[in-house]
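Here are a few friendly notes to read alongside the model. Please keep the 3D view open as you go through them.

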Amino acid sequence: KRGINLWKAMRRTNVGLESDCDGLGKCGKCKIIVVTAIGPPDEDEIKALSGDELERGVRLACRIRVTKDMVVHSVIKENPEDFHHASCEHCCGHHQ
(Lines give C-alpha, C1' and ligand atoms only; values in the text may rest on other atoms or scores of the structure.)
Protein backbone atom coordinates (compact mmCIF):
# COMPACT_ATOMS: atom_id res chain seq x y z
CA LYS A 1 0.00 0.00 0.00
CA ARG A 2 1.62 3.24 -1.10
CA GLY A 3 2.25 5.76 1.64
CA ILE A 4 2.60 3.13 4.36
CA ASN A 5 5.74 3.13 6.48
CA LEU A 6 8.07 0.42 5.12
CA TRP A 7 8.55 -1.10 8.59
CA LYS A 8 4.80 -1.72 8.86
CA ALA A 9 4.68 -3.13 5.33
CA MET A 10 7.55 -5.52 6.01
CA ARG A 11 6.01 -6.65 9.32
CA ARG A 12 3.11 -8.05 7.25
CA THR A 13 5.53 -10.56 5.73
CA ASN A 14 7.71 -13.26 7.20
CA VAL A 15 10.73 -10.93 6.99
CA GLY A 16 11.82 -10.29 10.56
CA LEU A 17 12.86 -6.78 11.54
CA GLU A 18 14.04 -5.84 14.99
CA SER A 19 12.35 -2.95 16.73
CA ASP A 20 11.96 -1.93 20.34
CA CYS A 21 9.79 1.09 19.47
CA ASP A 22 7.20 -0.54 17.15
CA GLY A 23 8.33 1.45 14.13
CA LEU A 24 8.26 4.90 15.73
CA GLY A 25 11.83 5.81 14.69
CA LYS A 26 13.28 5.85 18.19
CA CYS A 27 15.37 2.68 18.61
CA GLY A 28 17.34 2.51 15.33
CA LYS A 29 17.05 -1.29 15.07
CA CYS A 30 15.01 -1.75 11.86
CA LYS A 31 18.05 -1.51 9.62
CA ILE A 32 17.66 -2.35 5.94
CA ILE A 33 19.44 -1.67 2.69
CA VAL A 34 17.21 -0.20 0.00
CA VAL A 35 18.39 -1.28 -3.45
CA THR A 36 15.86 0.94 -5.21
CA ALA A 37 16.87 4.61 -5.55
CA ILE A 38 15.12 6.74 -2.92
CA GLY A 39 15.81 10.12 -1.34
CA PRO A 40 18.57 10.81 1.19
CA PRO A 41 18.38 9.77 4.85
CA ASP A 42 16.52 12.12 7.18
CA GLU A 43 17.98 13.64 10.36
CA ASP A 44 16.76 10.78 12.56
CA GLU A 45 18.48 8.21 10.35
CA ILE A 46 21.70 10.22 10.29
CA LYS A 47 21.69 10.34 14.10
CA ALA A 48 20.83 6.64 14.51
CA LEU A 49 23.24 5.14 11.96
CA SER A 50 27.03 5.08 11.93
CA GLY A 51 29.02 6.72 9.14
CA ASP A 52 29.94 3.26 7.85
CA GLU A 53 26.29 2.20 7.77
CA LEU A 54 25.26 5.36 5.94
CA GLU A 55 28.08 4.84 3.45
CA ARG A 56 26.89 1.25 2.80
CA GLY A 57 23.33 2.49 2.20
CA VAL A 58 21.80 1.23 5.44
CA ARG A 59 18.48 2.91 6.24
CA LEU A 60 15.77 2.61 8.89
CA ALA A 61 12.62 0.93 7.56
CA CYS A 62 10.42 2.96 9.90
CA ARG A 63 11.64 6.24 8.36
CA ILE A 64 10.82 5.30 4.75
CA ARG A 65 7.42 5.68 3.12
CA VAL A 66 6.50 3.32 0.32
CA THR A 67 5.94 5.56 -2.69
CA LYS A 68 6.86 3.06 -5.41
CA ASP A 69 7.92 -0.54 -5.88
CA MET A 70 11.09 -1.17 -3.87
CA VAL A 71 13.68 -3.87 -3.45
CA VAL A 72 15.15 -4.02 0.04
CA HIS A 73 17.42 -6.26 2.10
CA SER A 74 16.94 -6.54 5.84
CA VAL A 75 20.20 -6.48 7.74
CA ILE A 76 20.39 -9.44 10.10
CA LYS A 77 22.77 -9.53 13.08
CA GLU A 78 24.50 -6.35 11.89
CA ASN A 79 26.35 -8.47 9.31
CA PRO A 80 26.28 -7.00 5.79
CA GLU A 81 26.88 -10.44 4.21
CA ASP A 82 23.77 -11.84 5.91
CA PHE A 83 20.66 -10.52 4.13
CA HIS A 84 17.07 -11.53 3.61
CA HIS A 85 15.61 -10.36 0.30
CA ALA A 86 12.12 -8.94 0.04
CA SER A 87 10.27 -7.00 -2.58
CA CYS A 88 7.18 -4.89 -2.14
CA GLU A 89 5.25 -7.46 -4.10
CA HIS A 90 5.39 -9.57 -0.92
CA CYS A 91 4.72 -6.84 1.64
CA CYS A 92 2.57 -4.33 -0.22
CA GLY A 93 1.14 -6.25 -3.16
CA HIS A 94 3.09 -4.21 -5.73
CA HIS A 95 4.53 -6.00 -8.73
CA GLN A 96 7.94 -5.27 -10.15
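1. Start with Lys31 and Glu53, whose side chains form a salt bridge with N and O 2.7 Å apart; the term means a side-chain nitrogen of Lys or Arg within 4 Å of a carboxyl oxygen of Asp or Glu. Lys31 sits in strand S1 (residues 31-34) and Glu53 in helix H3 (residues 51-56), so this pair links distant parts of the chain, 22 residues apart. Helices (H or I, at least four residues) and strands (E, at least two) are DSSP runs, numbered from the N terminus.

2. Are these two partners buried or exposed? Lys31 is buried at 12% relative accessibility, and Glu53 is buried at 9%. Buried means under 20% relative accessible area, exposed over 50%, and partly exposed in between (1.4 Å probe, protein chains only).

3. Next, look at Glu45 and Arg59, which meet in a salt bridge at 2.8 Å, N to O. Glu45 belongs to helix H2 and Arg59 to strand S2, so the pair ties together parts 14 residues apart in sequence. Glu45 is buried at 1% relative accessibility, and Arg59 is buried at 9%.

4. Asp42 and Arg63 form another salt bridge, with the closest N and O atoms 3.0 Å apart. Asp42 is partly exposed at 24%, as is Arg63 at 32%. A network of salt bridges links Asp42, Asp44 and Arg63.

5. For the overall picture, the protein has 4 helices and 4 strands, and the structure holds 6 salt bridges.

6. A word on reading this: the model is predicted, local features need pLDDT of at least 70, side-chain atom pairs count only at pLDDT 80 or more, and totals for chains, interfaces and linings use all residues. Residues are numbered from 1 along each chain as its sequence is written, and side-chain values use heavy atoms, leaving out hydrogens and water.
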